[in-house]
Amino acid sequence: MSQVGIILTSNNQLDELIRCMKSLYYHTHYPYELIIVDNNVGPASHFLKNLNETQRILFYNDLLDKDEIIDMPFVLVQENHNNLVLALNAGIEKCLENEDILFVSWIHTDMLFFDQWLDRLIEVLISDESIGKVACDNAFWKQHFIDLDDYPEKYQKANIFAQEIMKNAKLYECEGNECPWLIPRIVFNNELRFDDRFKGIGGYEDLALNLIIEKKLNLKCVVTRRSLVWHKGLGYRGTIDTLEDQLYNARIFDEFYRNKFKEDVEKYEVFKG
């Protein structure tokens, strides 16, 4: 069976990293290979280095009310920088080394996953060959003011709620720029990567990739509520960027993308700055 290469970018948030890995393990059923790209700084990096030796981790199973030692294989890529674009490209290259990986996904440490989230993204992607990128509509949680910081106390109720929403959702809700996303391998086989002129996580790197997928590859980028993931960082994009980096990214986007794809840039204006 084909696999998904899941790229998890880690930025030294140890508690979030463990919570994310736990949620991923218990709620992802489609075959996947986990590739963790780490910035090689601080407690999270030390934890990952030790974990990489055993590939086993202790999780508390909330449903069974007991600890479990879990086999959790993953590929560790450690990069000595904080550039998200370089980290993503390193993860993509590692995915492409595995010929069984037909889809590539990107997740953050500040995410929690609901049952079937990946299966449903796969369903959307394979239902239409004209789709080059599909993402979860995470604005949903913001609209409903659901905060899972008290995980796992609120998680089970939110999971039931999410299952009903995903089951009844339309195939496509909107176009846009969300994460986690899922992209077919063939997109990256065209040697397409994130533009490494961008710095930090300001969002422009994703917007630029969307435009290339749409205009050069003639594929669609869609967002759907048929798959839902809770993303704590939604609405706080770029908070760890410097103003200098944000302005620099805006200039790169204007010079190399806005002027080239003027007719399509308007729909991305909401993400500017």
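Student: Which strand does helix H8 run at about 145° to?
Tutor: The model is predicted, so local features need pLDDT of at least 70 and side-chain atom pairs pLDDT 80 or more, while totals for chains, interfaces and linings use all residues. Residues are numbered from 1 along each chain as its sequence is written, and side-chain values use heavy atoms, with hydrogens and water left out. Helices (H or I, at least four residues) and strands (E, at least two) are DSSP runs numbered from the N terminus. H8 (residues 204–215) lies across E6, E9 (181–184), E10 and E8 (131–136), and the strand at about 145° is E8.

Student: What is the strand order of the open sheet?
Tutor: Two strands pair if DSSP finds at least two bridges between them. The sheet has seven strands with mixed pairing, in the order E5-E2-E1-E6-E9-E8-E10.

Student: Which strands stand at the edges?
Tutor: Look for a single partner strand. One side of each edge strand is left without a neighbour in the sheet, so the edges are E5 (75–78) and E10 (220–224).

Student: In which sense do E2 and E5 pair?
Tutor: Valine 37 stands opposite valine 77 in E5. Over four bridges, E2 (residues 32–38) and E5 pair in a sense that is parallel.

Student: How are H1 and H2 oriented to each other?
Tutor: Axes are lines fitted to C-alpha atoms, for helices over the stretch in contact, and angles run from 0 to 180 degrees between N-to-C directions. H1 (residues 14–27) and H2 (residues 42–54) pack at about 40°, with axes 8 Å apart. Under 35 degrees is roughly parallel, over 145 roughly antiparallel, 65 to 115 roughly perpendicular, and the rest oblique. H1 and H2 are therefore oblique.

Student: Which residues of H2 make the contact?
Tutor: Contact means heavy atoms within 4.5 Å. H1 brings Leu14, Leu17, Ile18 and Met21, and H2 brings Pro43, Ala44, Phe47, Leu48 and Leu51.

Student: Which residues of the largest nonpolar core touch the most other members?
Tutor: A nonpolar core is a set of buried Ala, Val, Leu, Ile, Met, Phe, Trp, Tyr and Cys residues joined through side-chain atoms within 4.5 Å. Buried is under 20% relative accessible area, exposed over 50%, partly exposed in between (1.4 Å probe, protein chains only). Of the 74 residues in this core, those with the most are Ile107, Trp117, Trp181 and Leu182.
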